Amino acid sequence: MKIGMLTGGGDCPGLNPAIRGAVLRLLDYGDEVIGFTQGWKGLVEGNTEPLTLERVEGIIDQGGTILRSSRTNPFAAGKEAQLEGVLANLKKFELDALIALGGEDTLGVASKLWTQYGIKTVGVPKTMDNDLSLTDYTFGFDSAASVALESIDRLRDTARSHDRVIVVEIMGRHAGWTALWAGVAGGADWVAIPEVPLDMDAMCKHLQANYARGKTFGIVAVSEGVEIAGAQKAADAALDAFGHHQLGEVGIGPAIAKEIEKRTGIPTRDAVLGHVVRGGSPTLFDRILGTRVGIKAAELVHEGKFGVMVAQQGTEILAVPIEDAVKQWKLVPQALYDEFVTTFNK
Ligand code: F6P
């Protein structure tokens, strides 16, 4: 068979182990594998590179994606020429199937290609946001949360040395998974996530109470999608090709830091981690998950199962309909947040 592969949307550690896992399994079947570069843009323009054993054998520890990425959306209004390019190139390269590695946007395109045009697609879920439904985890999340955790550990050193509060802003879009995991593991004094409205009064009182009982520093972990009264809102930020607001622009971490200092008088600083958390070598967890979902994607192609996304449920790696996986975000449940509150609300 001739199989195409692409990586779309924001990069994250785990993509290269997944590409490697899929290619190694496809080579077992005797397939030819070609990579389209820069996500759907590569299919629009017909830009490819061969994915051989030599190309993938040394990439398991590399962050990012060897295929490069973009946020090209061939189904965007007014971009009909892009969709025509995708369909023409799928024919031109005589592909038997396409494996798309991405988040809700990239997989949404793969799903539409299957349901509307019968293009044989298999999706592999990736995102540091961990917000895809029907899979317990997406690779990229553990690596990003680990970088955020290390950053919090470093910021605690300086917060403690200067008797300061430091507000750490962490990416994650509308889902608070990364901030919650890194914040709790980093012993944060408060974690603010988009799913739970921030009680500014309670947080400031809590930070003051800490100082009153002799703790002379504070760490507040804030997910980029949090909103507070008086600060810029997500809806004011620019949109990307898939219609998502670019939340990094909002600057919620700095806004919360200012508010804390104003209300409490405690010297407060902010650190916006931004894309730093998406870089670096994949963690052990993400290398294993990436490898497993990559292998499974190759197997699904050979079982003739299309329009599906590989998912991890418990210890199983299985297939679920892409359509169902991208229908709604997997957000942090209130009960899970409440379970952790006891660790930071002291
Ligand atoms: O979806 C992954 C993510 O890293 C989000 O957490 C973040 O809001 C967004 O991508 C940033 O996008 P970009 O890389 O296009 O700036």
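Which residues does Gln312 touch, not counting residues up to four places away in sequence?

Mentor: Happy to! Keep in mind that this is a predicted model. Leaving aside residues up to four places away in sequence, Gln312 touches Thr135, Asp136, Tyr137, Phe285, Leu289 and Ile317. Gln312 itself belongs to strand β10, which covers residues 308-313. With a relative accessible area of 12%, Gln312 falls under the 20% cut-off, and therefore it counts as buried.

Now let's turn to another strand, β6, made up of residues 165-170. Six of its six residues are buried, so β6 is largely enclosed by the rest of the structure. Look at which way they point: Val165, Val167 and Glu169 go one way from β6, whereas Ile166, Val168 and Ile170 go the other way. In a regular strand, side chains alternate between the two faces of the sheet. Here the residues pointing either way are all buried, and Glu169 is one of them.

The strand also has partners to trace. With strand β8 (residues 218-223), β6 pairs in the parallel sense over six bridges, and there you can find Val167 opposite Val220. With strand β9 (residues 268-272), β6 again pairs in the parallel sense, over five bridges. In that pairing, Val165 stands opposite Thr268.

How values were computed: Residues numbered from 1 in each chain as written. Predicted model: local features only at pLDDT ≥ 70, side-chain atom pairs only at ≥ 80, totals over all residues. Heavy atoms only, no water. Helix = DSSP H or I, 4+ residues; strand = E, 2+ residues; numbered from the N terminus. Buried < 20%, exposed > 50% of the residue type's maximum accessible area, 1.4 Å probe, protein only. Contact = heavy atoms within 4.5 Å. Pairing = 2+ DSSP bridges.
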